[in-house]
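Let's take a walk through a protein model together. Have the sequence and the 3D view open, and follow along as we go.

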Amino acid sequence: MKAYQFESPATGLTLVDLAEPTPGPGQVVIDVGAAGICRSDVHILKGHGDDWLRKRPIVLGHEVAGTVTALGPQADGVAIGDRVAVASIIHPIEQADFKDAIGLGFDGGYALKAAVPVRNLMPIPDGVPFTHAAVATDAIATAYHAVVTEAEIAPGSIAVIVGLGGLGLSAVRIAALQGATVYGVDVNTTVFDNARDQGAAACVTSIFEVPEGIDVVLDFAGMGATTADAIAAVKPGGCVVVVGLGVAEATLSTNQIVTKNIQVRGSLGASFNDLKAVLDLLADGSLVPLVEEVPFDDLEAALERLERGEVQGRLVTCPTS
């Protein structure tokens, strides 16, 4: 079968012919209905994925949804024909291990088929397309965890989302569904209409232009300066949640953190319950992600577009379509 495999930055992403996977104990094989194309894979291709990858060579693609086509021994609770999303479970964080994550610890969704442990599967509700279910597994679930679990955004709060890419747009919508007044911040004004469509009250190019006191900031850019500005702008007693990995290190004002009694938290991935909540929101129409489908043969070009910042929303590819 055709698959995109990665071994090192020197070889990059390579289209290869692999034998079709067979399911081991507690596993199923799925036909990949959709795979999200994530900026994390751009980091991996540039050589910054050593903290994540547990297998080389590996078929990348960690946002995956599809149809069960084969069952291994002890593959209980699932049947051939089931539509499933493949969860990458990061929480509880103390138990997280990337060896259990598709596209990081075992071969992923940039292929026609994938062998997946049953414990990673979640049924896709009726009416939710594979394209939406795939991006739900990481991008939307990560945004949900940051907004609901880490930031604990409540009705009536003033929330600012910094970085209005695919994750940030999902965060705007989720924060609005939580009852917050949401402001979007991005240097790229072309994304403002999308953010307003997702529920932003207004969008600005600087956090210091937000017209009211800020209870919580979610930094999906993670550029260092964006986090420092968030600490400066948030109200005393406020919270700054950092999700983006734009830079590896940042200089922050400990004076402001202490004297304003600010919480600064990191947020990585999501839990099984987070993904279930996101799929329910997709099913009832409360959440409609901005998704662009690209041909499987154009996957490498799509990753290059991501690196250049030319994408609004999320990209997906459908290998079996």
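Which residues are buried in helix 7? Asp274, Leu275, Val278, Leu279, Leu281 and Leu282 are, where buried means under 20% relative accessible area, exposed over 50% and partly exposed in between, using a 1.4 Å probe and protein chains only.

## Before we go on

This is a predicted model, so local features need pLDDT of at least 70 and side-chain atom pairs count only at pLDDT 80 or more, while totals for chains, interfaces and linings use all residues. Residues are numbered from 1 along each chain as its sequence is written, and side-chain values use heavy atoms, leaving out hydrogens and water.

Helices (H or I, at least four residues) and strands (E, at least two) are DSSP runs, numbered from the N terminus.

## Helix 7 and its cover

Back to those buried residues of helix 7: Asp274, Leu275, Val278, Leu279, Leu281 and Leu282. They cover an arc of only 160° around the axis, so they sit on the same side of helix 7; the arc is that of the directions from the helix axis to the C-beta atoms. Here's the background: an α-helix has 3.6 residues a turn, so residues three or four places apart point the same way. Strand 8 (121–123), helix 2 (130–150) and helix 3 are among the parts that cover the buried residues of helix 7.

You can check the length of helix 7 (residues 272–283) too: its 12 residues should span 16 Å at 1.5 Å a residue, and the end C-alpha atoms are 17 Å apart, which agrees. The expected span of a helix is 1.5 Å times one less than its number of residues. After helix 7 comes Gly285, with a positive phi near 85°.

Helix 3 (residues 166–177) holds Ser170, which is buried at a relative accessible area of 7%.

Now find the open sheet of three strands, with the order 2-1-4 and antiparallel pairing. Strand 2 (13–17) and strand 4 (58–59) are at the edges with a single partner strand each, so one side of each has no neighbour in the sheet. Two strands pair if DSSP finds at least two bridges between them, and two bridges join strand 1 (residues 2–6) to strand 4. Phe6 has Ile58 in strand 4 as its bridge partner.

Tyr4 is in strand 1 and Phe296 in the loop between strand 15 (291–294) and helix 8 (299–308), so the pair ties together parts 292 residues apart in sequence. Tyr4 is buried at 1% relative accessibility, and Phe296 is buried with a relative accessible area of 10%.

Two cis peptide bonds are worth a look. One runs from Arg56 to Pro57, with omega near -10°, and another joins His91 and Pro92, with omega about 5°.

Gln74 isn't a glycine, yet has a positive phi of about 60°. Gln74 is exposed, at 58% relative accessibility.

How values were computed. Contact = heavy atoms within 4.5 Å.
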